[in-house]
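Work through the exercises below with the sequence and the 3D structure open. Try each task before you read its solution.

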Amino acid sequence: MTHADHFHHTSRGGALRFLAGLLLWAGAAGAAWAEPDPLRPQVLVGFEVEADKFRHNLPQLPQASADMARAIAAEFALRYPFADWAGGPAAGNPPIGRLVARLVQQPAVPLPEISVKWFGAAGEGAPVALALPAIEIYSPGVIDRETNNRQALVSHVLQRVLPVVRSDGFQQRFMEAVVQGLPIATTAEMHATDHVVVIPRLWRDLRLGQESKLLLVFKKPVGGQEQQGMVKLVLPSPRTRAPKQGWLEAAVQDASIGASSLTLDKGWHASFPALLDGAKVACFIREYRPAALSGVLDGVSLVSE
Amino acid sequence: MPAPADPPPAAVDLQPPAPPAPAPPAEGGPWFWCNLLALALLAPFVTWWFHKHLDLYLTEVLLIGGGLSLWAVLRAVYGMVETLGKIDPASLSRRALASPETSLVLAVAAVAFALAWGKTNSFYIEYDGSGADDREFIVQVSHPDGRPFLPEFTVGPAAKVAGRAFVFQGEPQELVCRIVKPLNYKPQPCPIGGREALRVKVPGDFEQRAFHLLRIVPHIGLFQELPDVKDQPSVRYELRVEAGGVAHTLPDLRRQTVFAGALKADLPLLMGGHDRAEYQDELSAELRAASVEEDSAARIAAKLARRERVWPAFDVQAGQLLRLSLRRIEQQSGRDTAREVDGFPFDYTVTADKVQTIWMPRLP
């Protein structure tokens, strides 16, 4: 091979590589432009002071509420890292739910009982009372209440609330009353090629362990009537192939429309690809197990995680 | 044989002849009578001044004992002078009295005494036993602003007089005398100054009166609403008490006991008669009776008993009607907004009790 041949060969190979790179870049950019990665789900946690002696007298009430909300949110963030439990205002993306701890008073003798009650909503709906135990802050017979001291009240409330929140009993009920009711996604895709359901969330944001179970609920109009169905999903894992690489995917365990169960063949049904067309969809966590060694499966080293 | 030597010449006295010794003052001369007259004139004034300002201070025992001792000492000196000096002291004193130097000494003494006369005052507390059942009285003498002027005096059947003279301290002083124990008498003004001798009879010079210590304390509902002493609240509470047609205001009421019922100097004395432990028990019992939890009641009672807010704004008499009101003041848009707290105003009639607790309304 002459020098000129070599040059010619080299320059031709370089041009091909450049072209291939350009195409790849364009493809990736196009894909990114077409569908950006979904954001981390967010749950807004608030603390409201309704009890009148505190509401009327407490200095810097908004700050007290924010302090307590942040502390409670941090507690849930430790236990349920599949979402961003934010003790402050929403950070851009619409929240998947709201949790409100409210300091309320109940008539009692000699003084009203002061307790924290829980309210919540899926999405951005109005919070409703949750089936969670109220936490007593001041019993009726305790009269030295921190009605005029922000720091002391925050400290007292958190000393009462956090140990209860950490208890197994509370967590079990919290799972049922809150976590199972949070829609982690409101769309889903049935992928017939690999027989999985892809949820528009990044797996690394949710870190669901494979023992976790999900439930896809959908409603769609069929023949003038609204048909409701559900798909039970198991083995959640990060999607390793394009498209939607890195997103959350899961296998179908069971599916039903109305009262009819769909018979699955190797975890799939021929009607699945069109099942969700035009349907309102919500995906919930039914059983939550955090991933133990997250980061390995989605192709990113533990160190960089 | 040698001739006898001439006798040495007699020493010549070169000193001038000594002047003749002055003649001793003639006893019975004009200086004698002059000095005697001066002494006679001075002595009654000195005696009267002594009686006025120092008699009580020296006391009878000291006077008799001291007089006898002085007489013995003088008599001993007299005897020694007579024996050792071969001098007739009587004659010597007569000669001294006839001396013009004695007149000079007397003149100086008279001037000094005249100065002391105008610049000496005295202050004595005398126990007179009137209406008293043989008990001791502790009397406090203070400036009108409460600063003590003298240490407290204790008088009674055992020590009937206390006080002292103030020589060369003739500045007038506005003072207040107060029987601090027993606390059943009105304070009396007792100014001293000039060359006055003040005698205060205890308890005869004092008008009897009854003092009442009021302990104003928030009940449970108000307690939980009020700021604690350590708080930096955004809302403040102002207590007003109308007594005898005059309104008195206590700003920034907290979770504490307000002590009132007497004026500045009397209130701390009245509080001395208040038993804190007993008060704490009373508070605790009342709180428990109001269904407050045992622990909380004990804690609050201790807090209220310990946190004393002294408010010497007014004094009260048994049967007097007081009207208590409480305003809640909050700053809104840079302006104070006030409203009367629920349950206020309320009336309270002062009882005959020496120490009485006024519970403010319980509130819902």
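**Exercise 1.** In which loop of chain B is the place of B:Pro203?

Solution. This is a predicted model, in which local features need pLDDT of at least 70 and side-chain atom pairs count only at pLDDT 80 or more, while totals for chains, interfaces and linings use all residues. Residues are numbered from 1 along each chain as its sequence is written, chains are lettered from A in the order in which they are written, and side-chain values use heavy atoms, without hydrogens and water.

Step 1. Find strand S7 (197-202) and strand S8 (213-217) of chain B; B:Pro203 is in the loop between them. Strands are DSSP runs of E with at least two residues, helices are runs of H or I with at least four, and both are numbered from the N terminus.

Step 2. Turn to chain A, where a cis peptide bond with omega of about 5° joins A:Val109 and A:Pro110. A:Pro110 is in the loop between strand S3 (97-106) and strand S4 (113-122) of chain A.

**Exercise 2.** Describe the packing of H1(B) and H4(B).

Solution. Step 1. Take helix H1 (residues 30-53) and helix H4 (residues 100-118) of chain B: they pack at an angle of about 20°, with axes 10 Å apart. Axes are lines fitted to C-alpha atoms over the stretch in contact, and angles run from 0 to 180 degrees between N-to-C directions.

Step 1. Classify the angle. H1(B) and H4(B) are therefore roughly parallel (angles under 35 degrees; over 145 is roughly antiparallel, 65 to 115 roughly perpendicular, the rest oblique).

Step 2. List the contact (heavy atoms within 4.5 Å). Its residues include B:Trp31, B:Leu42 and B:Trp49 of H1(B), and B:Pro100, B:Leu106 and B:Phe113 of H4(B).

**Exercise 3.** Which value does phi have in A:Arg207, and which in B:Asp252?

Solution. Step 1. A:Arg207 is not a glycine, yet its phi is positive, about 55°. Its place is the loop between helix H6 (203-206) and strand S10 (213-222) of chain A.

Step 1. B:Asp252, also a residue other than glycine, has a positive phi near 55°. B:Asp252 is found in the loop between strand S10 (246-250) and strand S11 (257-261) of chain B.

Step 2. Check accessibility. A:Arg207 counts as partly exposed at 22% relative accessibility, and B:Asp252 counts as partly exposed at 27% (buried is under 20% relative accessible area, exposed over 50%, partly exposed in between, with a 1.4 Å probe and protein chains only).
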